[in-house]
Amino acid sequence: MGQLPSQDILALLEFKKGVKHDPTGFVLQSWNEESIDFDGCPSSWNGIVCNGGNVAAIVLDNLGLSADADLSVFANLTKLVTLSLANNSMTGKIPDNIGDLKSLAFLDVSNNLFSSSLPTGFGKLGSLKNISLAGNNFSGSIPDSISGLVSVQSLDMSRNSFSGSLPVSLTRLNNLMYLNLSSNGFTKRLPKGFELISGLQVLDLHGNMFE
């Protein structure tokens with residue numbers, strides 16, 4: 001009997017089930033159980049980068065993919081550093097268990113069709129340095145738990161349908177260099193404290209309804 005697929009491989013195959021249209025065959029023709037390297041990580045699969053026996057990066061940018069992207073299946077990828085799905089036609093949401101991705105440093109789901117509000121668990125991503133949620137249909141207010149993103153340097157949430165007032169916890173992200181919240185529906189007054197983030201170089205708030 002062959003060795004059973006690792007939980008990393010099972011997670012990727014579960015994600016693949018949500019892919020509806022893959023014009024280049026990048027995922028559907030490559031992510032096959034027959035082509036598994038049994039060190040636990042399928043290094044021969046397109047868009048997958050391995051480190052040891054674990055998936056370290058999933059990069060599926062600019063592929064014209066239509067997918068119902070269930071990101072919750074990635075919660076067990078404890079060594080995942082990069083998740084990049086930009087410029088596709090993926091629907092889905094940011095699941096609460098995304099906070100289990102303790103190694104995640106780079107998250108880019110920009111220019112897709114993701115929706116819903118950000119879960120509290122989003123704030124558990126203490127290793128995240130670069131986040132782009134830009135150009136989706138995210139809504140609701142920013143959770144207070146965002147203060148848990150202690151490593152974040154670049155945060156782009158522009159061109160969505162976020163609303164409500166900005167939480168004071170946003171001003172506690174002391175490593176921020178770039179913050180773009182433009183083209184949303186944020187209201188009320190800006191919280192004090194952004195001026196205390198010494199490294200903040202870009203703060204873009206245009207296209208909102210601040211007082």
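Trainee: What should I know before reading any values?

Mentor: This is a predicted model, so to speak of local features we need pLDDT of at least 70, and side-chain atom pairs count only at pLDDT 80 or more, while totals for chains, interfaces and linings use all residues. Residues are numbered from 1 along each chain as its sequence is written, and side-chain values use heavy atoms, with hydrogens and water left out.

Trainee: How is the protein chain divided into domains?

Mentor: Domain bounds come from an automatic or database domain assignment. Here the chain splits into domain 1 (1-79 + 86-103) and domain 2 (115-210). Their C-alpha centres lie 27 Å apart. Domain 1 brings 10 residues to the contact and domain 2 brings 12 residues, where contact means heavy atoms within 4.5 Å.

Trainee: How much area do domain 1 and domain 2 bury between them?

Mentor: Buried area is the accessible area (1.4 Å probe) that two parts lose on being put together, summed over both. For this pair of domains that is about 810 Å², with 58% of it on carbon and sulfur atoms. On the domain 1 side, Ile-94, Asp-96 and Lys-102 lose the most area to domain 2, together 53% of what that side buries.

Trainee: How many salt bridges are found across the interface of domain 1 and domain 2?

Mentor: We call it a salt bridge when a side-chain nitrogen of Lys or Arg is within 4 Å of a carboxyl oxygen of Asp or Glu. Across this interface the rule finds 0 salt bridges.

Trainee: And how do I read a nonpolar core?

Mentor: Start with burial: buried means under 20% relative accessible area, exposed over 50%, and partly exposed in between (1.4 Å probe, protein chains only). A nonpolar core is then a set of buried Ala, Val, Leu, Ile, Met, Phe, Trp, Tyr and Cys residues joined through side-chain atoms within 4.5 Å. The largest one here has 58 residues, and Ile-58, Leu-107, Phe-122, Leu-133, Leu-155 and Leu-170 touch the most other members. Among the elements that each supply at least two residues to this core are helix H1 (7-16) and strand S3 (54-59). H1 gives the most to this core, with 5 residues. Domain 1 and domain 2 each contribute at least three residues to this core.

Trainee: Is H1 mostly buried or exposed, then?

Mentor: A word on the labels: helices (H or I, at least four residues) and strands (E, at least two) are DSSP runs, numbered from the N terminus. In H1, 7 of the 10 residues are buried, so the helix is largely enclosed by the rest of the structure. The buried ones are Asp-8, Ile-9, Ala-11, Leu-12, Leu-13, Phe-15 and Lys-16. They pack against strand S1 (19-21), strand S2 (48-51), S3, S4 and strand S6 (89-92).

Trainee: Where does Phe-114 lie?

Mentor: Phe-114 sits in strand S8 (residues 113-116), and at 0% relative accessibility Phe-114 counts as buried. Phe-114 and Met-90 are 24 residues apart in sequence, yet 6.5 Å apart in space, C-alpha to C-alpha.

Trainee: Which cysteines does a disulfide join here?

Mentor: A disulfide is a covalent bond between the sulfur atoms of two cysteines. The rule asks for a pair of cysteine sulfur atoms within 2.5 Å, and the count comes to 1 disulfide. Cys-41 and Cys-50 are the partners, with S to S at 2.0 Å. The torsion about their S-S bond is about -85°, so the disulfide is left-handed. Cys-41 is buried at 0% relative accessibility, whereas Cys-50 is partly exposed at 25%.

Trainee: How many salt bridges does the rule count?

Mentor: The count comes to 2 salt bridges. Lys-17 pairs with Glu-14, the closest N and O atoms being 3.1 Å apart. Arg-189 and Glu-211 form a salt bridge at 3.5 Å, N to O. Arg-189 lies in the loop between strand S14 (185-188) and strand S15 (202-204) and Glu-211 in the segment after strand S16 (209-210), so the pair ties together parts that are 22 residues apart in sequence. Both Arg-189 and Glu-211 are exposed.

Trainee: Last one: what about phi?

Mentor: Most residues other than glycine have a negative phi. Asn-62 has a positive phi of about 55° although it is not a glycine. Asn-62 lies in the loop between S3 and S4 and is exposed, at 53% relative accessibility. Asn-87 also has a positive phi, near 60°, and its place is in the loop between strand S5 (82-84) and S6.
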